[in-house]
Amino acid sequence: MGQGMGQGTVLCPREMYMDIAAARQTFLQYASRYDLNDVKIRLKADHTLRVEELCRQIAQSLGLSQEDTDLACLTGILHDIGRFEQVRIYHTFRDAVSVNHAQFSADLLFRDGLIDDFSDAGICEADRSLIEKAVRLHNAYILPEDLTDRERMFCNILRDADKIDILRVNRETPMTQIYDLPEEAFLDSEISDGVYADLLAHRNVDRANSRTGVDFLMGHIAFVFGLVYPESFRLVREQGYLAKMLSFESRNAATRERMRRIREEVETYLAEAASHGSAYAGRRGYNIPREMCFLSGDDSI
Ligand SMILES: [Fe+2]
């Protein structure tokens, strides 16, 4: 590890801007050590660059300084860096059968010292701890309560950006491939009660409740309830992927009826949140103990 993880407060001198282009270059060099012809590897490299751009858009919508906008972009560049080793070692992105990829990414960067490869970007000591938290928590079901407002903001920018891009990935990649299930598993299955209850309560779906093919689809639709910032809702509407997911036509009558209700809920929620943001999102269920926050993270993001 390069610089020590200093005791006490270390201020960022900010004599110069962070060099995001250098960080992006370092990331691409790192990714190129893996097989970029592998669909999984390519997907994660593309996803990373899109998340970086979405972080920029959200940060700018919040009126953040250039320095803080760069910092948000850097969290986007680094957030999934452990995905490459995950797929090399375990041949899967499924955290449940391998590692929690957010923790793995943070460990790779800050325990094993990969962050030092990014020193050309000009990362100061105080930023390191903030970046580590944002990376480590990017897939947590709920953020822990003991974050500062600044930490929470950077976590939320990254989490929003990540979810927005995952909606794209899920729309552009056939569901049968994403979930490794046959077409019938989506067309004929029912929405489980727990998943339906989560959606009607405007909650991200607890993956422990997901059992059927259509449950997985609902889980991704529910990402909208985890979004925080008005710009994120605007971006989701602009993308149009969520609307397409909501128009999924089930062959199961009970599912069609539940989907009709879910569509109403989501559309109303989106319209309101696009102008106000979500006061609840990212904080719902905040009385859940800290250790529980990590139990039901979504391993697809
Ligand atoms: Fe991730």
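**Entry 1: L74.** I began with L74, which sits in helix α3. A reminder to myself before going on: this is a predicted model. Is L74 buried or exposed? I found 29 C-beta neighbours inside 10 Å of L74, and the cut-off for buried is 20 or more, so L74 counts as buried. Next I looked up which residues L74 touches once its neighbours within four places in sequence are set aside. The contacts are M18, I20, A23, A121 and I131. I also noted how L74 and A23 lie: they are 51 residues apart in sequence, yet their C-alpha atoms are 7.3 Å apart in space.

**Entry 2: α1 beside α3.** Sorted by class, the contact of α1 with α3 has 6 nonpolar residues, 2 charged ones and no polar ones.

**Entry 3: α2 beside α4.** Then I turned to helix α2 (residues 39-61) and helix α4 (residues 82-90). Their axes come within 10 Å and cross at roughly 170°. The cut-off for roughly antiparallel is over 145 degrees, so α2 and α4 fall into that class. On the α2 side I found K40, I41 and K44, which meet R83, F84 and V87 of α4. This contact divides into 3 nonpolar and 3 charged residues, with no polar ones.

**Entry 4: S61.** I stayed with α2 to look at S61, which belongs to that helix. How many C-beta neighbours does S61 have inside 10 Å? I noted 15, and because that lies between the cut-offs of 12 and 20, S61 counts as partly exposed. Beyond its neighbours within four places in sequence, S61 is in contact with Y229 and E231. I also checked P230: S61 and P230 are 169 residues apart in sequence but 8.6 Å apart in space, C-alpha to C-alpha.

**Entry 5: α5.** Helix α5 covers residues 101-110. I found 7 of its 10 residues buried, so to speak mostly covered. The buried ones are H101, A102, F104, S105, A106, L108 and L109.

**Entry 6: the whole chain.** Stepping back, I counted up the secondary structure as 14 helices and 0 strands. The protein chain has 301 residues, of which 43% count as buried. I also looked at contacts with a separation of 6 or more, and 72% of those join residues 24 or more positions apart.

**Entry 7: confidence.** Where is the confidence lowest, and where highest? By mean pLDDT, I found helix α8 (residues 175-179) lowest at 72 and helix α5 highest at 97. The mean pLDDT of the protein chain is 84, and 85% of its residues reach 70 or more. I marked residues 1-10, where pLDDT stays under 50 and the model has 9 contacts beyond four places in sequence. I marked residues 280-298 as well, with pLDDT below 50 and 35 contacts beyond near neighbours in sequence.

Technical notes
Residues numbered from 1 in each chain as written. Predicted model: local features only at pLDDT ≥ 70, side-chain atom pairs only at ≥ 80, totals over all residues. pLDDT = per-residue confidence, 0-100. Helix = DSSP H or I, 4+ residues; strand = E, 2+ residues; numbered from the N terminus. Contact = placed C-beta atoms within 7 Å. Axes fitted to C-alpha atoms, helices over the stretch in contact; angles between N-to-C directions. Parallel < 35°, antiparallel > 145°, perpendicular 65-115°, else oblique. Nonpolar A, V, L, I, M, F, W, Y, C, P; charged D, E, K, R; others polar.
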